[in-house]
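Keep the sequence and the 3D view at hand.

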Amino acid sequence: MSKEMQELQKQWRFMMKSIHSNTNVVAFMNSRIGQYLDDHPFVALSLLVFIAVSAIPVAFFLMFVVTTAVMACIGVIIMEGVVISAGGIALLCVLGGLGLLSLAVSGVMSICYVSLTTLINYWYTPKSQAMEQEANGNGFSLKSSPISDPSVNNKSK
């Protein structure tokens with residue numbers, strides 16, 4: 001493995017260790033919601049993407065509510081109810097679309113994560129670990145395959 005990759009892994013492990021040792025994170029992960037999200041990573045990723053994506057529309061809606069409240073103080077009370085209702089319906093439509101978008105993005109991110117980690121583990125498997133697996137009979141090797149080993153074919157003739 002290259003030194004850059006080892007350094008990156010070391011930094012990643014340090015960051016994850018500091019996150020997992022945070023008291024707020026430990027308290028959350030011991031709660032029922034934290035345990036559920038730990039058991040269902042796709043739901044956790046979808047929830048995280050949804051929260052990140054929906055922050056801007058919610059902020060616009062809150063600015064919209066404050067603006068209409070100021071207008072209501074000026075004297076447009078009936079208009080406030082109509083406008084906030086219309087804005088609320090529009091916000092629900094936007095958040096529904098963002099929910100579907102977050103599920104799609106989470107699916108793509110999950111597929112990419114699984115694919116990339118599988119490829120990285122395949123490419124950067126230490127040779128000592130691969131030899132250890134071969135010795136234990138756990139690993140697949142072309143050398144030990146009866147199809148590609150010419151000595152096995154010669155003995156059977």
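Q: In which helix do Phe61 and Phe64 both lie?
A: This is a predicted model. Phe61 and Phe64 are three residues apart, about one turn of the helix. An α-helix has 3.6 residues a turn, so residues three or four places apart point the same way. The helix that holds both is helix 4, residues 41-74.

Q: How many aromatic pairs does the structure hold, and what is the angle between the planes of Phe61 and Phe64?
A: The structure holds one aromatic pair. Phe61 and Phe64 form that pair, with 6.4 Å centre to centre. Planes under 30 degrees apart would count as stacked, and over 60 as edge-to-face. The Phe61 and Phe64 pair is tilted, with an angle between the planes of 40°.

Q: Why does Phe64 count as partly exposed?
A: Buried means under 20% relative accessible area, and exposed means over 50%. Phe64 falls in between, so it counts as partly exposed. Its relative accessibility is 30%.

Q: Is Gly87 buried or exposed?
A: Gly87 is found in helix 5. The cut-off for buried is under 20% relative accessible area. Gly87 has 15% relative accessibility, so it counts as buried.

Q: How far apart in space are Gly87 and Phe60?
A: Along the sequence, Gly87 and Phe60 are 27 residues apart. From C-alpha to C-alpha, the separation in space is 10.0 Å.

Q: What separates the C-alpha atoms of Gly97 and Ser54?
A: Gly97 lies in helix 5. At 36% relative accessibility, Gly97 counts as partly exposed. Gly97 and Ser54 are 43 residues apart along the chain. Their C-alpha atoms are separated by 9.9 Å.

Q: How many residues of helix 1 are buried?
A: Helix 1 covers residues 3-20 and has 18 residues. From first C-alpha to last it reaches 26 Å, close to the 26 Å expected. Helix 1 is hardly covered. Its count of buried residues is one.

Q: Which residues does UniProt list for "transmembrane region", and how far apart are the end C-alpha atoms of residues 100-124?
A: The unreviewed UniProt entry lists residues 42-63, 69-93 and 100-124. In the model, residues 42-63 are 100% helix, and their end C-alpha atoms lie 32 Å apart. Residues 100-124 are 96% helix and 0% strand. Their end C-alpha atoms lie 36 Å apart.

Q: What percentage of the residues in the protein is buried?
A: The secondary structure comes to seven helices and zero strands. Along the sequence the pattern reads α-α-α-α-α-α-α. Of the 157 residues in the protein, buried ones make up 14%.

Note on methods: Residues numbered from 1 in each chain as written. Predicted model: local features only at pLDDT ≥ 70, side-chain atom pairs only at ≥ 80, totals over all residues. Heavy atoms only, no water. UniProt positions renumbered as here; feature names shortened; annotations may be inferred. Helix = DSSP H or I, 4+ residues; strand = E, 2+ residues; numbered from the N terminus. Expected span 1.5 Å × (residues − 1). Buried < 20%, exposed > 50% of the residue type's maximum accessible area, 1.4 Å probe, protein only. Phe/Tyr/Trp six-rings, centres within 6.5 Å; stacked < 30°, edge-to-face > 60°.
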